Structure formats: C-alpha cells, structure tokens
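Hi everyone, thanks for making time today. I have one structure to walk you through, so please have a look at the screen.

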Amino acid sequence: MTTSFTRRERQVVQGLAEGLTDHEIARRLNRKTATIRRHITTASKKVGAKGQVGLVNCSYALGLLRPPASEGGAVYVPPQLRELIPLIVQGVSAMKIAEETNRAPSRIHRDTKRLMHILRARTRPHIVTRARQYGLLKAAAPRASATVQT
C-alpha cells in the first residue's frame with residue numbers, strides 16, 4: 001500500500017515544513033484556517049503521525065516531501081540542545097522531553113527557543129527541515145506508528 005497526499009495536502013505540509021503557521025498557509029493558499037487544519041488532520045492520519053512536527057517528519061521519511069537542500073555550512077549546536085533535536089523531531093511534547101531529560105519544563109521551553117534561534121527555525125515543525133538541512137538529522141523514525149493508509 002502506498003500513501004500519497006492530495007495536491008492541497010502537499011501544499012499545506014510543505015508550508016509547515018517551511019515554517020509557516022496555519023494562518024500563513026491559509027493566507028498563501030487563499031483558504032480558511034479551519035480548512036488548513038482539516039488538511040493537516042487528514043494528512044496526519046494518512047501517515048500515522050501525531051502533531052505537526054510528526055507530520056513533517058513522517059512526510060520526509062516516507063518521501064512525500066522532497067528532502068530539503070543542504071544548508072551548505074556548519075552550525076554549532078551545543079550538546080545540551082543537540083540532544084533535544086531527535087525528541088522534538090519525533091513529536092515528543094515539551095513535558096515528555098522534560099521527563100526524559102530530567103530537566104524542568106521551563107528549561108525545555110527556553111532550550112527549544114534557543115535551538116530554534118540557532119537553526120533559524122520559525123516553528124517547531126520547521127526544526128525538522130532545518131535540522132535536515134544542517135545534517136543534524138538524517139532520518140528520525142517517527143514515534144507514532146507510521147501505518148500507511150490510502
């Protein structure tokens with residue numbers, strides 16, 4: 001069984017991968033925000049992802065989005081931030097990351113913002129794209145079952 005997105009679902013997921021918000025995607029596609037959210041929900045179900053970050057990651061992993069072009073330079077990410085990347089990319093919530101890394105949730109939020117600043121990521125789903133562009137993430141397996149639906 002293979003999965004594919006409709007043209008509109010692909011445009012919406014691509015927007016998420018580029019760091020656009022639901023509202024910005026809606027404006028770009030001349031649609032209502034509720035319609036964009038419905039496309040996100042449908043696309044997420046197709047790839048078995050939970051949340052927008054998981055959707056973007058699964059879409060790359062399943063080849064439904066073209067891999068981003070390499071950024072072509074190095075970026076220094078401190079080790080304490082680097083260890084957050086696979087967890088964020090897998091769609092793990094900040095509270096779960098705090099539990100798994102034995103850090104305070106406020107620290108995770110602050111570190112995620114620092115990571116986004118270093119990677120020049122606009123949103124959490126954009127972290128997936130930027131981490132791939134910098135070679136910080138080759139392919140993170142999604143946490144949710146990636147059962148393919150048609």
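I'll start with the overall picture and then go to a few helices.

A quick word on the ground rules: this is a predicted model, where local features need pLDDT of at least 70 and side-chain atom pairs count only at pLDDT 80 or more, while totals for chains, interfaces and linings use all residues. Residues are numbered from 1 along each chain as its sequence is written, and side-chain values use heavy atoms, with hydrogens and water left out.

The chain has nine helices and zero strands; helices here are DSSP runs of H or I with at least four residues, strands are runs of E with at least two, and both are numbered from the N terminus. For a chain of 150 residues, a compact globule would have a radius of gyration near 15 Å, and this chain agrees because its value is 15 Å. That radius is taken over C-alpha atoms, and the globule rule is 2.2 Å times the number of residues to the power 0.38. Along the principal axes, the C-alpha atoms fill a box of roughly 40 × 30 × 30 Å.

How much of the chain is buried? Of the 150 residues, 48% are, with buried meaning under 20% relative accessible area for a 1.4 Å probe, protein chains only.

Now to helix α4, residues 51-61, where eight of the eleven residues are buried. Among them are V53, L55, N57 and C58. The cover over those buried residues includes α1, α3, α6 and α9, counting a contact as heavy atoms within 4.5 Å. Just after α4, G63 has a positive phi of about 75°.

Let's stay with α1 and see how it meets α4. Their axes come within 10 Å and cross at roughly 110°; axes are lines fitted to C-alpha atoms, for helices over the stretch in contact, with angles from 0 to 180 degrees between N-to-C directions. The two helices are therefore roughly perpendicular, a label for angles of 65 to 115 degrees. On the α1 side we have V13, L16 and A17, which meet Q52, L55, V56, S59 and Y60 of α4. That contact has six nonpolar, two polar and no charged residues. Nonpolar covers Ala, Val, Leu, Ile, Met, Phe, Trp, Tyr, Cys and Pro, charged covers Asp, Glu, Lys and Arg, and the others, Gly among them, are polar.

Finally, α1 (residues 7-17) and α3 (residues 33-47) have axes that come within 9 Å and cross at roughly 95°.

Notes
Buried means under 20% relative accessible area, exposed over 50%, partly exposed in between (1.4 Å probe, protein chains only). Angles under 35 degrees count as roughly parallel, over 145 as roughly antiparallel, 65 to 115 as roughly perpendicular and the rest as oblique.
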